[in-house]
Amino acid sequence: QVQLVESGGGLVQAGGSLRLACTVSGSTTGIKTYAWYRQAPGKQRELVAKIVRDGSTNYADFVKGRFSISRDNAKNTVYLQMNSLKSDDTAVYYCNAARLTIQTTQNYWGQGTQVTVSS
């Protein structure tokens, strides 16, 4: 099992910044990717950013140039630096870890952290 605990959410004005943190614990053997997703009220959960085990990253178009995902292996923590925040970024942000096996992908989720951007 993998446990993920998010922190760092809160209320921020448009144009401001926040840094989310996801503390990882448990058995991380075989974890291929860590990612941040978000879900706004009435909308489906969507991928924000992903970091692969080799360090490569990819981002949703709507956050490119504004958000940055990183990982500190020594602290077992995955970060999401969010700059130039917009009201559309308001959502619950979830940390995800994915373990790939031959048969399937096992997904682990944190409890989420609320980010509210006021205009």
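## Asn 96

Asn 96 lies in strand 9; helices (H or I, at least four residues) and strands (E, at least two) are DSSP runs numbered from the N terminus. The model is predicted: local features need pLDDT of at least 70, side-chain atom pairs count only at pLDDT 80 or more, and totals for chains, interfaces and linings use all residues. Residues are numbered from 1 along each chain as its sequence is written, and side-chain values use heavy atoms, with hydrogens and water left out.

With 2% relative accessibility, Asn 96 counts as buried (buried is under 20% relative accessible area, exposed over 50%, partly exposed in between; 1.4 Å probe, protein chains only). Its side chain makes a polar contact with the side chain of Asn 107 at 3.1 Å. A polar contact is a pair of N or O atoms within 3.5 Å; within protein, one must be able to donate a hydrogen and the other to accept it, and residues adjacent in sequence count only if both atoms are side-chain atoms. A polar atom of the Asn 96 side chain also lies 3.4 Å from the backbone oxygen of Tyr 108. Leaving aside neighbours within four places in sequence, the residues in contact with Asn 96 include Leu 4, Thr 33, Tyr 37 and Trp 109 (contact means heavy atoms within 4.5 Å).

The structure holds one aromatic pair. The ring centres of Tyr 37 and Trp 109 are 5.0 Å apart and the planes meet at 65°, so the pair is edge-to-face. Rings of Phe, Tyr and Trp (its six-membered ring) pair if their centres lie within 6.5 Å; planes under 30 degrees apart count as stacked, over 60 as edge-to-face and the rest as tilted. Tyr 37 is in strand 4 (residues 31-39) and Trp 109 in strand 10 (residues 105-109), 72 residues apart. Tyr 37 is buried at 19% relative accessibility, whereas Trp 109, at 37%, is partly exposed.

Arg 45 lies over the face of Trp 109, 4.6 Å from the ring centre. The charged end of Arg 45 also sits over the ring of Tyr 94, at 3.7 Å from its centre. For this, NZ of Lys or CZ of Arg must be within 6 Å of the ring centre and within 35 degrees of the ring normal.

## Disulfide

The structure holds one disulfide (a pair of cysteine sulfur atoms within 2.5 Å). The sulfur atoms of Cys 22 and Cys 95 are 2.1 Å apart. Cys 22 lies in strand 3 (residues 18-26) and Cys 95 in strand 9 (residues 91-100), so the pair ties together parts that are 73 residues apart in sequence.

The link of Cys 22 and Cys 95 is left-handed, with -85° about the S-S bond. Cys 22 is buried at 0% relative accessibility, and Cys 95 is buried at 0%.
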